Amino acid sequence: MSWGTELWDQFDNLDKHTQWSIDFLERYAKFVKERLDIEQNYAKQLRSLVKKYCPKRSKEEEPRFTSCLSFYSILNELNDYAGQREVVAEEMAHKVYGELMRYSQDLKAERKHHLQEGRKAQQGLDHCWKQMDNSKRKFERECKEAEKSQLTFDRLDNDINATKSEVEKAKAQFYLRTHMADESKNEYAAQLQNFNAEQWKHFNNNIPHIFKNLQDMDERRTVKLGETYRSFAEAERRVVPIISKCLEGMVSAAKAVDERRDSAIVVESFKSGFDPPGDFPFEDFSQNLSRTGSDGTISNTPKGDRDKDGAPGPRSDPKHPTSRTKNKLWLFGKKPKAPSLEDFSHLPPEQRRKRLQQRIDELNKELQKEVDQRDALNKMKDVYEKNPQMGDPSSLQPKISETICNMEKLRSEIHKNETWLSEVEGKQSSRGDRRHSADNHHHTPQGRESPEGSYTDDTSQEHHTPHRRPTPAQPGPPNPDPHEFDDEFDDDDPLPVIGHCKALYSFDGQNEGTLVMAEDEVLYIIEEDKGDGWTRARKQSGEEGYVPTSYVEITMEKNSKGAVTYI
């Protein structure tokens, strides 16, 4: 249905309608703007929430429990979900709101143009009508004047008293007015014909054409609204598959929670590797009291101790393994603070082993990077040597030397840490044997010996091998055991040589019982490392003492008992 034929006389109403249609489009655009603002704020709040609950610690300190990892996975999925809300807002901003605002400006300009054409056509028709009306009024006036002049002429012509000149003058006036009336009639007729032609053209050509343009404009606006409605929905529907994947990821994270694995991680994280403390021995303080068979008192000595050869219970030995358990009660209570050492000797054996293995892995990765960098520099150097115009090969030598130096340092660090790791693993493997021996021979201490022979119970007193070639940690003050340490040094017969070693680092031997050695010095091995990190050696001059095992490269004789080569 055409506006031009049906609404030819509704110009003002069509003016109001087209203005309302543009206002409605802008109202919908405002709705979309507020909707995308909600999406943007929602996404921003979700990202802030994720950031608030994301772990702020390093990866090493992050818990490895499945419940925590699942929660972090949910946070990552929620962050992705927030990103999809931002995509929705962006789609609405560009494809709906922005498009509507641009189209609204175009509609306003087009409507203004069409309405101006309609007003101009109406003004042209009004001008023609005024000209026709003026000619009509003039014709009417001229006819009335002609009628008056005719009446005057007839009156004078019939008056016998009127002079001939008066009659002639009245007759001439009558003819003049009649002629002017005829001219006005012709002009009026011409103006009327012109107006009728313009009016037909106005209502049959101009106005229908203008109204048709307004109708097309309004229909395009309606189509555009339908398209933006669809785009509004498509912006939401397009992200539904990705949002579904985010939700599926959250469900998968929930299914990944494993309570048994979390329990195993707790054991792995806090396992010390220590053996549980043994039983406290019965200390009989009534041994010196006289007992008679007639006494009615009952001895407090345990039956098992009384029955052993009739002898009284054993006396408390300060070095007895069970008496030392008093110093390890921190395993079941509050652990004393210990300084963080380079070899992690302040940690329990199991935790120390894990930390050393972790450090070795990290050093191996760094070493591989240095090796790759050295290979790349060597390749570049070869290219420069073959093509001198590309660069100076000697300019790469300082960097190559620096890389090789870094590799040597890393290898040294790896060797040092592997030595500590071997020490820990050796102690853990032999711990069960030592514990069994201690249960059968109460005089054998479970502690470790320093080069001076002083007993050390706390693991924080273990030696630590140097970083950048420092000396080992100084042992405590010497407290020799006459049954162990003195028998070794006071023996008149020298111990046999079971191998030799080469010093990798210099050692000042400031502690009692240690041996001074220089870098690259060759020494004789007379006693292997017993697991405490010290090896007994002899110089060619005959001087004997302990040196750190990690400071030397040891080669044992093939015919020696328990021979092993440390690389």
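A: Let's start with a term: a salt bridge is a side-chain nitrogen of Lys or Arg within 4 Å of a carboxyl oxygen of Asp or Glu.

Q: Fine. What should I know about the model and its numbering?
A: This is a predicted model, where local features need pLDDT of at least 70, side-chain atom pairs count only at pLDDT 80 or more, and totals for chains, interfaces and linings use all residues. Residues are numbered from 1 along each chain as its sequence is written, and side-chain values use heavy atoms, with hydrogens and water left out.

Q: How many salt bridges does the structure hold?
A: The structure holds 31. One of them joins Glu91 and Lys95, with the closest N and O atoms 3.3 Å apart.

Q: Where do Glu91 and Lys95 sit?
A: Both are in helix α3, four residues apart, so about one helical turn separates them. Helices here are DSSP runs (H or I, at least four residues), strands are too (E, at least two), and both are numbered from the N terminus. Helix α3 covers residues 66-158.

Q: Is Lys95 buried, exposed or partly exposed?
A: Lys95 is partly exposed, because its relative accessibility is 46%. Buried means under 20% relative accessible area, exposed over 50%, and partly exposed in between (1.4 Å probe, protein chains only).

Q: Which residue forms a salt bridge with Glu99?
A: Arg102 does, with the closest N and O atoms 2.9 Å apart. Glu99 and Arg102 both lie in helix α3, three residues apart. Glu99 is partly exposed at 26%, and Arg102 is partly exposed at 48%.

Q: And which helices do Lys108 and Glu26 lie in?
A: Their side chains meet in a salt bridge of 2.6 Å, N to O. Lys108 lies in helix α3 and Glu26 in helix α2, so the pair ties together parts 82 residues apart in sequence.

Q: New topic. What does Asp15 touch?
A: Contact means heavy atoms within 4.5 Å. Leaving aside neighbours within four places in sequence, Asp15 is in contact with Arg111, Leu115 and Arg119. Asp15 is in helix α2 and is buried, with a relative accessible area of 16%.

Q: What about Ser70, buried or exposed?
A: Ser70 is buried, with a relative accessible area of 6%. Beyond neighbours within four places in sequence, Ser70 is in contact with Ala253, Ala256 and Val257.

Q: Now rings. How many aromatic pairs are there?
A: A search of the whole structure finds 13. Rings of Phe, Tyr and Trp (its six-membered ring) pair if their centres lie within 6.5 Å; planes under 30 degrees apart count as stacked, over 60 as edge-to-face and the rest as tilted.

Q: Why is the pair of Phe71 and Tyr72 called tilted?
A: The ring centres of Phe71 and Tyr72 are 6.2 Å apart and the planes are at 50°, so the pair is tilted. Phe71 is partly exposed at 37%, whereas Tyr72 is buried at 16%.

Q: What kind of pair do Phe507 and Tyr551 form?
A: Phe507 and Tyr551 form an edge-to-face pair, 5.7 Å centre to centre with 80° between the planes. Phe507 lies in the loop between β3 (499-503) and β4 (522-527), and Tyr551 in the loop between β6 (544-548) and β7 (552-556), so the pair ties together parts 44 residues apart in sequence. Both residues are buried.
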